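Here is a short report on selected sites. Read it with the structure open.

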Amino acid sequence: MRILEIGDNKAAGYCGRLFSLNGSEVIRVDLPTLTEASSIETARDIYLHAGKKRVCIEYRQDAGQSLLTRLASECDMVISDLSPIELDEIDWETLPTKLRVSITPFGRDGPYRTWKASGSTLLAMGGYTNLMGEEGREPLTLPGNYAEYQAGQYAYTAALACTTYKSGCRNIDVSVLETVLSLSQFTTVMWTCQGVIRSRHGNRFGSLHPISLYPCKDGSVFINIVPDFWPNLVDMLGKPELLEDERFNTSPGRVENYKALDAIIVEAFSRQTMSELLESGQRKYRLPIGEVMTMEQVLSDEHLNLRHYWCKVSVGDEVLKIPGLAFRTLPLKPQKNQTWVSKDG
């Protein structure tokens with residue numbers, strides 16, 4: 001399958017990346033630019049666009065738009081994260097291709113269609129920002145391009161379904177705001193079913209405990225203890241008396257007395273390393289517990305390396321390691337090596 005990718009708001013780039021990693025030919029269209037990319041922008045460009053073919057077209061002018069139209073006619077699909085106004089300017093609805101996939105902040109119609117937004121503003125409008133941070137402190141936001149990548153993943157899934165099942169669909173419209181709202185999990189359910197508005201409480205989950213981050217001897221671990229796992233955690237802590245303690249023998253009690261419970265957990269965990277807690281927690285006590293790993297630890301992780309998770313990308317004379325696909329066919333094989341071509345390349 002041949003795919004044309006237009007725009008630079010990260011969502012289309014991530015969608016195109018998923019198609020490229022799965023064997024599609026992706027042609028990325030870049031606008032001419034005179035500004036030099038920062039190191040962060042270059043790193044993101046390598047991650048999103050390695051393995052793609054690249055062409056530079058000034059499609060805001062008549063000659064460039066004609067070339068863009070011709071390219072679209074030779075592709076099975078066009079993916080774009082240009083704004084609705086920019087899409088109108090390139091006559092999006094008439095681009096001669098089998099499927100047009102647009103990813104915009106608020107969707108291609110509605111009263112907000114022409115509004116501008118970044119991933120951070122959309123996370124705020126979708127309620128995510130209000131939930132992140134410590135109670136009584138300022139709200140926080142997610143780093144990177146979480147909202148854009150999630151919208152790109154939705155676009156990939158929808159486009160793949162349309163082409164696989166030959167639905168006859170010609171246009172897919174993905175709204176990043178609606179993507180954020182669809183990922184709200186318990187927030188909307190709590191309001192709909194209980195009339196309760198979720199609030200900020202740091203690393204704690206809030207309605208269940210202990211679901212939080214805890215320091216240990218050489219770092220931190222995160223545990224997710226729903227009621228069924230409580231007896232196993234008590235065994236792991238070596239404190240059977242907690243099962244009869246009125247402060248902790250019910251789920252609401254553990255939430256209400258979280259500070260006292262956290263002190264007990266921290267005291268027990270402080271004597272063990274991350275790897276010791278992971279080994280005993282997972283293998284012996286069958287608990288959902290995970291290490292808070294450094295980037296170096298992630299890159300050298302035995303499990304990820306044995307599963308051939310990483311992709312190698314040639315960047316000039318260097319070979320870099322970047323995340324590969326998390327979904328693959330069995331048996332697992334090393335992921336395909338890629339080459340990155342810069343905008344000017």
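## Lys 98 and its contacts

Beyond its neighbours within four places in sequence, Lys 98 is in contact with Cys 75, Asp 76, Cys 169 and Arg 170. The model is a predicted one. One of these partners also makes a polar link: the side chains of Lys 98 and Asp 76 form a polar contact of 3.4 Å.

Lys 98 sits in the loop between helix H4 (84-89) and strand S5 (99-104). Its relative accessible area is 56%, so Lys 98 counts as exposed. Val 78 lies 20 residues from Lys 98 in sequence, and the two C-alpha atoms are 8.3 Å apart in space.

## Arg 54, a buried charged residue type

Is Arg 54 buried or exposed? Arg 54 has 15% relative accessibility, and the cut-off for buried is under 20%, so Arg 54 is buried. Arg 54 belongs to strand S3 (residues 53-56).

Which side chains make polar contacts with Arg 54? Asp 30 does, at 3.0 Å. Asp 45 does too, at 2.5 Å. Leaving out residues up to four places away in sequence, Arg 54 touches Arg 28, Asp 30, Asp 45 and His 49, and also Trp 340, Val 341, Ser 342 and Lys 343.

## Helix H1

Helix H1 covers residues 11-21 and is mostly covered, with eleven of its eleven residues buried. Among them are Ala 11, Ala 12, Arg 17 and Phe 19. Just after H1 comes Gly 23, with a positive phi of about 100°.

## The nonpolar cores

The largest nonpolar core holds 42 residues. Phe 19, Met 77, Ile 79, Val 101 and Ile 103 have the most contacts inside it. Phe 19 is also one of the buried residues of H1.

Another core, of 22 residues, lies apart from the largest one and includes Cys 216, Ile 223, Val 234 and Ala 268.

## A nonpolar surface patch

Tyr 112, Trp 115 and Met 125 form a nonpolar patch on the surface. Together they have about 310 Å² of accessible area.

Met 125 is part of helix H5 (residues 119-125). Met 125 counts as partly exposed because its relative accessibility is 42%.

Technical notes:
Residues numbered from 1 in each chain as written. Predicted model: local features only at pLDDT ≥ 70, side-chain atom pairs only at ≥ 80, totals over all residues. Heavy atoms only, no water. Patch = residues over 30% accessible without salt bridge, like charges linked within 9 Å, V, L, I, M, F, W, Y side chains within 5 Å. Areas by Shrake-Rupley, 256 points an atom, 1.4 Å probe, with all protein chains shown as cover. Salt bridge = Lys/Arg side-chain N within 4 Å of Asp/Glu carboxyl O. Helix = DSSP H or I, 4+ residues; strand = E, 2+ residues; numbered from the N terminus. Buried < 20%, exposed > 50% of the residue type's maximum accessible area, 1.4 Å probe, protein only. Contact = heavy atoms within 4.5 Å. Polar contact = N/O pair within 3.5 Å; in protein donor to acceptor, adjacent residues only side chain to side chain. Core = buried A, V, L, I, M, F, W, Y, C linked by side-chain atoms within 4.5 Å.
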